Amino acid sequence: MSTFDSHDTPQSRRLDHLVLVHQPCDGNPKESSPFINSSAGDVEKSQQYDGKNMALFEEEMDTSPMVSSLLSSLANYSNLPTGSKEHEEAENNEEGARPSKKPIKAPQLGTLMGVYLPCIQNIFGVILFLRMTWMVGIGGVFGSFIIVFMCCSTTMLTAISMSAIATNGVVPAGGSYYMISRSLGPEFGGAVGICFYLGTTFAGAMYILGCIEILLIYIVPQAAIFKIEGLEGPEAEAALLNNMRVYGTIVLSLMALVVFVGVKYVNKLALAFLACVILSILAVYAGVIKTALDPPVFPVCLLGNRTLMSKGYDLCAKVIEKDNDTVTTKLWRNFCDSEFLNATCDEYFTNNNVTDIQGIPGVTSGILAENLFGYYLDKGMILEKRGIPSVVDPDSPITSSNRYVLADITSFFTLLVGIYFPSVTGIMAGSNRSGDLRDAQKSIPIGTIAAITTTSTVYMSCVVLFGACIEGVVLRDKFGEGVNGNLVIGTLAWPSPWVIVFGSFFSTCGAGLQSLTGAPRLLQAISRDGIIPFLRVFGHGKANGEPTWALLLTASICEIGIIIASLDAVAPILSMFFLMCYMFVNLACALQTLLRTPNWRPRFKFYHWALSFLGMSLCLSLMFICSWYYAIVAMGIASCIYKYIEFCGAEKEWGDGIRGISLSAARFALMRLEEGPPHTKNWRPQILVLVSVDAEQNVEQPRLLSLTNQLKAGKGLTIVGTAVEGTFLNSYGEAQRADQSLRKLMETEKVKGFSQVVISSNLRDGTSHLIQVGGLGGLKHNTVLISWPRNWKRAEDHQRCRNFIEVVRETTVASLALLVPKNIASYPSNGERFTEGHIDVWWIVHDGGMLMLLPFLLRQHKVWRKCKMRIFTVAQMDDNSIQMKKDLITFLYHLRIDAEVEVVEMLDGDVSAYTYEKTLVMEQRSQILKQMHLTKNEMEREIQSITDFSRGSIRRKNPPTLRSQQSTEEGASVAEKPEEEAVAVSHPKQVQLIHSKNAAPTPTSPTSPTAPAGDTSSLDVEVQRTWTDNKGTDKGKNQAAATATAHTEAGKDIFNMKPEWENLNQSNLRRMHTALRLNEVIVKKSKEAKLVLLNMPGPPKNRMGDENYMEFLEVLTEGLNRVLLVRGGGREVITIYS
């Protein structure tokens, strides 16, 4: 409805000036929004949302769409598959130059065709047909049942976890990799994705080897390139493996070619291959039923209790009666040196009889009891039947071993687990096709669990039925050498062994093709995620999306498995990779459940974190049961990939569980830290770095972060903070820019920590807020790092100076340590190296050990590593300096700190005239600044006039050489500086007098001079000599003594001539005296040091002495290049105890 109707009322006329009324074609005037600027675009917008009663939300319509328009797209989310359908359509579309884009049909596969049957096809495979009977014979029914139950339980628990993840939202095509990576993050996702890829690739190799084994041993043995006939032992084994390698490579090439030409052919053949598998299994069950009704005649020949190879005999007898004559058989000729009855025969052959036993006695025969327990064999052992006596001489060696059926490998329980586990893999087939399913959230759990239940039932029943139907020596005959070279499971099948032989052959071919189809797509998905940089090339493919490069890599890795050539050696390798993948699926589900992430709302409700943990534990146990060294290698590969992705900095935020764990762990750790302050042994500098930014929001002191990085051997918290002046609404953009600038600089300087920007009405309050609220809970800063205010004497920087002193006061109140680097611009960058030099520590007052700890931390960094540490302490008149040095050496030994030690004696001396004069200048300057309530420009003019007068008086006193040197002073012009900075130091070790008394103003007339020129000239000679010599450090002993005498006399003379000195504040005088004496000693000892660490005196309690405090610190550190002023936080930070 319109706000106004078409009638011209007085009300509407009154509102004409407030709202813009325009006339659409329907004749009803419409109102544009009164809340926004009325423009053409706004008018259109108001029309667009007219009649929807949504005027209140018009301003947000651009960023927040209306629910009515959004629901359709949310509900009809079409999960476009990246599987075969898309590729088939792309291939079909290649026929036209620019074909019209077909509407992609919604996925139509249901639970049966989309999940259940693919899982059945992938789970049933080569191991069932080629190794299951052998496993039952070696491990026994009981042991084999345990193995099958363990493996099937693992996959069932994994399927439950996978179902929970798969039903927690829409799973795009990509299946298991997508689920794991989005649940555990890019690092785990990439590592597990690669493991799953390698597992699938090696599975392809295993299927191809199975295929070749069936072909060369059971279908066409004569096709072998390397002839096995007549070879024995290792030679026969080597020939078989070489045949596997040659034919395996050929088959792999053909399969890769089929996959490259088109996936659609693979998918069309999939159902045919599945039919072969199902028919083969049904044939086995039919054969079992037949043995119960009519056991087949299937003789196996034994000599004593040893199984004979079927190709070594024609009749299972030594001699036969023929035409009333005893004739020797082929078997006799194999064991004797001639065919005659008087021939010399093998001793065991002579002493034992030949018996013929039934190979398949049937279900009702009771053979199950004999096959119940395991019969593990070493390589080369002869297959023997239990319960049959044999005469054997224990001392005589085994001869004619090639006539018996021998064990080809040494078998043990864990080997059986590793070989069997691949037969339960393939449970991900349904989730991998999630893009093709009509209702993935319903189909994946039902189809996968039903498939596992079906296959587990088949496997367990097969274990029992094989043990109940087949003779033990036949079961242990891996290649059917004692049963005419038949496939052992084929001997049980009905109507013919060939059903199983061809069924298993085609099923292995199909499974190999499926592996070569799935693995490249998995690698392509990982590559396109961009989490592993060097794999990005494998994300490309043909125009229709076929992963050509990934297929090439997959075939190359598959060839490694083919070269290994032994099915029993390849199976444990892929077991490792699949087990690791399943372990992480269980971990992902357990984590999500325990963390109670708000987004964790699976439709599948039959899961529990305990089941997931049980599944994870089973996977881990099976990995080490199968092969501990393969397990370590697989975990090593996964760890390397994890660290590589972490190192490369995968910039992916997938809302994963690992981030949830980090949040939970951080919360838990913070709560623990709240329990109390850390012990001294755990104390480390948690640094709040206070930096200032310029008008462009760039950091003014970048070297502060270099120093922070060099201090971070303590591995503590780092917060880099700054304050922006203004209001939050107006200055938020500036604050964001400042934050980006801080982050960028932190990244450049490799400082690991957090940035924090606060907006405040003034910088003083902003800095105070940072000190108060930085950190969180127990993880708060305990140290503040702030740069020395460079130009604190300049009038325009006076506020910065006051802010600095307030920071010192606040850190003192808050019991925080304070670090103040002076001349920060001269500090080394992270790229510099000191090859020699010293870090000097001047330990004057005890600060809890900060002065000891900081050099140790600095020397952990490569910049300061070559520097040696020296510790100086100051002894007074009544101190025993020798004992002090001994005690300090012992203390450092207990602290495990290597340093040179020196005790400096400071004798009590008279206060020099320079000290008096320096104090007088300082106090008068403070007095002037307090009394002048002028504007900034006026204040500068007043200081200029004072400075000019001072310069004039000095010009009168000093010789011309000094004046010429004064004119070259560094920094700003003298006119911009206060009076005491106007005189340059003519030599680094000379300090000239500033005659401020003569140049200083009276309170009533700040600029008028008070003393006559005569006083000044009479003072010149004495004072000049005293102050220059007193500050010199390169004089001899005699000169030093003369200087001391001159100093005392001059002091007395000047005191007599300057009664104003009597009115000086004695506290300031003492402080200035201490600062000058200490500075003199420090400069003498540490002038060449790379860094000087020094106790920082506390600020005055009376705020009126702030400028004096800065002057004391300036005098204390004068003449030193790099100084780090250190103020302890009031607690011990270093201890001698372990």
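Visitor: Among contacts in the protein chain between residues at least 6 apart in sequence, what percentage join residues at least 24 apart?
Guide: The figure is 78%, where contact means heavy atoms within 4.5 Å. This is a predicted model, in which local features need pLDDT of at least 70 and side-chain atom pairs count only at pLDDT 80 or more, while totals for chains, interfaces and linings use all residues. Residues are numbered from 1 along each chain as its sequence is written, and side-chain values use heavy atoms, with hydrogens and water left out.

Visitor: How many helices and strands are there in the protein chain?
Guide: The protein chain has 37 helices and 17 strands. These are DSSP runs numbered from the N terminus, with helices being H or I of at least four residues and strands being E of at least two.

Visitor: And how much of the protein chain counts as buried?
Guide: Of its 1138 residues, 51% count as buried. Buried means under 20% relative accessible area, exposed means over 50%, and partly exposed lies in between (1.4 Å probe, protein chains only).

Visitor: How many aromatic pairs does a search of the whole structure find?
Guide: The search finds 26 aromatic pairs. Rings of Phe, Tyr and Trp (its six-membered ring) pair if their centres lie within 6.5 Å; planes under 30 degrees apart count as stacked, over 60 as edge-to-face and the rest as tilted.

Visitor: Why is the pair of Phe834 and Trp864 tilted?
Guide: The ring centres of Phe834 and Trp864 are 5.0 Å apart and their planes stand at 55 degrees, so the pair is tilted.

Visitor: Where do Phe834 and Trp864 lie?
Guide: Phe834 is in the loop between β12 (817–822) and β13 (838–843), and Trp864 is in the loop between α28 (850–858) and β14 (868–875), so the pair ties together parts that are 30 residues apart in sequence.

Visitor: Are Phe834 and Trp864 buried or exposed?
Guide: Both Phe834 and Trp864 are buried.

Visitor: Which residues do ring pairs link into a cluster?
Guide: The cluster consists of Trp332, Phe335, Tyr348, Phe349 and Tyr404. Over the face of Phe349 lies Lys318, at 4.5 Å from the ring centre. A charge sits over a ring if NZ of Lys or CZ of Arg is within 6 Å of the ring centre and within 35 degrees of the ring normal.

Visitor: Turning to Trp609, where does it lie?
Guide: Trp609 belongs to helix α21 (residues 609–626). With a relative accessible area of 37%, Trp609 is partly exposed.

Visitor: Which residues is Trp609 in contact with, leaving aside its neighbours within four places in sequence?
Guide: Trp609 is in contact with Ala590, Thr593 and Leu594. The C-alpha atoms of Trp609 and Ala590 are separated by 4.5 Å, although these residues are 19 residues apart along the chain.
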